[in-house]
Amino acid sequence: MSKEIKLLLECGVRAPSSHNSQPWLFRVDEKYIEIYADPKRRLSEADRDGRMLFVSLGCLIANLKIAADFLGLSHSLAYYTSGTSDLAARMNFFGEKKKANGDYFRATSERRSNRNQYKNRPIPEDVIRALKDLNRDEGLRIDFVTSYKTRAQIADISSRAMGRIMSRSPFRRELAHWLRTNITRKKDGMPGSGHGMSLLVSCIAPHILRHVDVSKVEAKKERKRIMNFPAVVVISSRGNHRQQWLKVGELLEMILLAAQSKSIDSAIRVASIEDQIAREELRQALGLRNFEPQMLFGLGYAEKTAPHSPRRRIEDYILPAR
Ligand SMILES: Cc1cc2nc3c(=O)[nH]c(=O)nc-3n(C[C@H](O)[C@H](O)[C@H](O)COP(=O)(O)O)c2cc1C
């Protein structure tokens, strides 16, 4: 593998992914990177239809594009999302072009989910406008929700969704499987520190999740978390298939990185997207009509910085050459 391809992949895999499952595989050549879903890393309980997996791949694609622009590599992207194959997209490289500035590239290594308390400090209007302008796709829609009333509606929807999801023991067992202690050596999954847990709590949390129905407590916490964000952002799409999910992921990551470059923190919360009843309620609350809500996250200024979560080695993601 060339140095450049390795650098591209290193930037790519800094992308967020559901439960930090890093559900991607690559087949590479000097002239292309093929991006595959990793079937072994599907979250069969949290992500029954595969939406979150493809949104995660979309985030990765955004990072690959940013790295290629930064290195001055001309590129094109082909999506392969109509069938059931694991191949999701292929990025082709052809020659050189002017290098982009390094703002987004730097933000890919600075960004991380920040699940701490957020300050009561609004995001400036001009920043919100600039973030909205990142969407150039008529098939996608971004709603920035800052009013108390609508945030409270979304918080209630998310809270009920969290209650329903957390009451399912297979969901809790799967989540427990991806939770890690704060001193883990594993290179995937979520260390408890990223969720504000002490070492002791990070050791016992997976056992509690497996055996205790924590749905009421988690529902309450979810309401508080959503209300705590000064801005709640919902990305919706006109269709509801793999290609739209990839594009939602690309837009999501671009917004997170643009926010990061302005020192704005972010935290993704998808209970209301994973739950079908809540998705419909969200559509009504935001007047989305023929748009389907696909992603929800909070933006703001967190009280504390958050730790980075681990990633596997690039070699672990590489498929053998054909
Ligand atoms: C599609 C998707 C869904 C996610 N859903 C949630 C969520 O509901 N709650 C949460 O705390 N984090 C969520 N995350 C954040 C991931 O847990 C996080 O990206 C991952 O653990 C890697 O950590 P990092 O973002 O700090 O790099 C989600 C991320 C993605 C891409």
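Two strands pair if DSSP finds at least two bridges between them. I noted this criterion before reading the strands of this predicted model.

**Entry 1. Strands around β4**

I looked up Leu77 and found that Leu77 stands opposite Met91 in β4. I then recorded how β4 pairs with strand β3 (residues 73-79): the sense is antiparallel, and there are 6 bridges. Next I turned to strand β2 (residues 32-37), which also pairs with β4 (residues 87-96) in the antiparallel sense, over 5 bridges. For Glu34 I looked up the bridge partner in β4, and this is Arg90. I kept one general point beside these pairings: in a regular strand the side chains alternate between the two faces of the sheet.

**Entry 2. Helix α2**

I checked whether the length of α2 agrees with its residue count. At 1.5 Å a residue, its 21 residues should span 30 Å, and I found the end C-alpha atoms 30 Å apart, which agrees. I also looked up burial: 19 of the 21 residues of α2 are buried, so the helix is largely enclosed by the rest of the structure. Just after α2, I noted that Gly72 takes a positive phi of about 75°.

**Entry 3. The shell around the ligand**

I asked which element gives the largest share of this shell. It is helix α2 (residues 51-71), with 4 residues. I counted 17 residues around the ligand, of which Pro16, Asn20, Arg112, Ser113 and Ile268 come nearest. By class, I recorded 7 nonpolar, 7 polar and 3 charged residues in the shell. Domain 1 (3-111) and domain 2 (113-167 + 215-306) each supply at least three residues to the shell.

**Entry 4. Lys220**

I located Lys220 in helix α8 (residues 215-228). Is Lys220 buried or partly exposed? Lys220 has 13 C-beta neighbours inside 10 Å and therefore counts as partly exposed. Finally, I looked up Lys220 against Ser158: the two are 62 residues apart in sequence, and their C-alpha atoms are 9.8 Å apart in space.

Conventions. Residues are numbered from 1 along each chain as its sequence is written. This is a predicted model: local features need pLDDT of at least 70, side-chain atom pairs count only at pLDDT 80 or more; totals for chains, interfaces and linings use all residues. A residue is near a molecule or strand if its C-beta atom, placed from the backbone, lies within 6 Å of it. Helices (H or I, at least four residues) and strands (E, at least two) are DSSP runs, numbered from the N terminus. Ala, Val, Leu, Ile, Met, Phe, Trp, Tyr, Cys and Pro count as nonpolar, Asp, Glu, Lys and Arg as charged, and the others, Gly among them, as polar. Domain bounds come from an automatic or database domain assignment. The expected span of a helix is 1.5 Å times one less than its number of residues. A residue is buried if 20 or more other C-beta atoms lie within 10 Å of its own, exposed if 12 or fewer, and partly exposed in between; C-beta atoms are placed from the backbone.
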